[in-house]
Amino acid sequence: MQQKINWIDNLRGIACLMVVMIHTTTWYITNPHTVTAFSWDFSNVLNSASRVSVPLFFMISGYLFFGERSAQQRHFLRIASCLLFYSAIALLYIWLFTPISTGLALRYILVKPVFYHLWFFFAIMVIYLLSPLIQVKKVSAVTILGLMVLLGVVANPNTVPQTVGNMRWLPVNLYINGDTFYYVLYGLIGRAVGMIETQRKGVSGLAGGLFVICVISIALGTHQQLEINKNFAETFYVYCGPLVFIAAISLLVVAKNCLNQRPLPGLTFISRYSLGIYGFHALIIHYLRTHNIELTHWPVLDILWIFGATLAGSLLLAVGLGKLDRKKLVS
């Protein structure tokens, strides 16, 4: 169990860093006509490699709560407290530093997040709500691979349509609608992969290679869509898309095999404060970008600066919040 806790903590730290990187590079990705080709391609690669971050969080939650243990009252209290607290912080930020209407944000607070990154708290609630009803069986690796191919690619509504003449043959319609299905599926596969033996010879290398191939494919596909549409399109970026789906599961296997011996100090420290980092980081990035505290003339330095400043700032806020929040409701 200690080994399992180690790889979960290390992986959570990695996923947290990836989330910060996604939002660090978003400005470049969404402004292809403003930035240079190099800066867009560089950001595209970093963003493509980080797309697995949110799926990893769902798989970690599924591993923890889709087994013998399910979410308890304290877990629901914590997620509700987080949603309320970070929404309040975001509203305060909007009121003080942006022209956005706080009244409009409050009016739709139960329908959509106050600030874009807070959607995750709504989505993860589904995993918690379903956890008392779900206990994943131990299945073979072949079964998991079959589900990956069938549900992750063949019947995935996010798969880019494939046609032969006038006949469309992919994706196959199994009446899968909505991202929530895949958020729950991530949780189910996270638990299933966590229970099987993955330490066989060559598995880590194969999973790592598959992750790299998926990242390259996401980056190339996104670049191709840019050339076709003459603007950014998130076709290959969606968290429930087939390439992100395969990449996330592949990285989970790599982490389970290679990061399970001991806690890595840097990653476990970030993991410990990942909730606070997630809650604060988007506000810091928004402030830096909208107040011109950036280095966009030097894209590589700018990305390093925004990423480093955001991580340091959100980590300091998370640590400070942790000292005040003795019951760990929002930290």
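This is a predicted model: local features need pLDDT of at least 70, side-chain atom pairs count only at pLDDT 80 or more; totals for chains, interfaces and linings use all residues.
I started with Phe-121, which is buried at a relative accessible area of 2%. Buried stands for under 20% relative accessible area, exposed for over 50%, and partly exposed for what lies in between, with a 1.4 Å probe and protein chains only.

Next I looked up the aromatic pairs, and the structure holds 26 of them. Rings of Phe, Tyr and Trp (its six-membered ring) pair if their centres lie within 6.5 Å; planes under 30 degrees apart are called stacked, over 60 edge-to-face, and the rest tilted. Phe-65 and Tyr-128 make an edge-to-face pair, with 5.2 Å from centre to centre and 70 degrees between the planes. This pair links distant parts of the chain, as Phe-65 is in helix α3 (residues 53-65) and Tyr-128 in helix α6 (residues 119-130), 63 residues apart. Helices (H or I, at least four residues) and strands (E, at least two) are DSSP runs numbered from the N terminus. Both Phe-65 and Tyr-128 are buried.

Then I came back to Phe-121, whose ring centre is 6.0 Å from that of Tyr-278; the planes stand at 85 degrees, so this pair is edge-to-face. Phe-121 lies in helix α6 and Tyr-278 in helix α12 (residues 274-290), so the pair ties together parts 157 residues apart in sequence. Tyr-278 is buried as well, with a relative accessible area of 8%. Both residues belong to a cluster linked by ring pairs, whose members include Phe-57, Phe-58, Trp-119, Phe-121 and Tyr-278.

**Charges over rings**

Where does the charged end of Lys-112 sit? I found it over the ring of Tyr-108, 5.7 Å from the ring centre. Arg-191 lies over the face of Tyr-63, at 5.2 Å from the centre of that ring. For this entry, NZ of Lys or CZ of Arg must be within 6 Å of the ring centre and within 35 degrees of the ring normal.

I checked the length of α3: its 13 residues should span 18 Å at 1.5 Å a residue, and the end C-alpha atoms are 19 Å apart, which agrees. The expected span is 1.5 Å times one less than the number of residues. Twelve of the 13 residues of α3 are buried, so the helix is largely enclosed by the rest of the structure. Among these buried residues are Leu-56, Phe-57 and Phe-58.

Which residues have the most contacts inside the largest nonpolar core? I noted Leu-56, Phe-58, Phe-121, Phe-245 and Ile-277, in a core of 96 residues. Such a core is a set of buried Ala, Val, Leu, Ile, Met, Phe, Trp, Tyr and Cys residues joined through side-chain atoms within 4.5 Å. Helix α1 (residues 2-29) gives the most to this core, with twelve residues. Leaving aside neighbours within four places in sequence, Leu-56 is in contact (heavy atoms within 4.5 Å) with Leu-11, Ala-15, Met-18, Ala-248, Leu-251 and Leu-252. A second, separate core has five residues, including Ile-284 and Ile-306.

I then turned to strands β1 (residues 162-164) and β2 (residues 167-170), which pair in the antiparallel sense over three bridges. At least two DSSP bridges are needed for strands to pair. Thr-163 has Arg-168 in β2 as its bridge partner. Two residues sit between the strands of this hairpin, where Gly-165 takes a positive phi near 65 degrees.

A cis peptide bond joins Leu-170 and Pro-171, with omega about -5 degrees. Pro-171 is in the loop between β2 and α8 (180-195), and Tyr-175 lies in that loop too. Tyr-175 is not a glycine, yet has a positive phi of about 60 degrees. Is Tyr-175 buried or exposed? At 68% relative accessibility, Tyr-175 counts as exposed.

**One more positive phi**

Lys-230 has a positive phi of about 60 degrees although it is not a glycine, and it is exposed, with a relative accessible area of 59%.

Methods: Residues are numbered from 1 along each chain as its sequence is written. Side-chain values use heavy atoms; hydrogens and water are left out.
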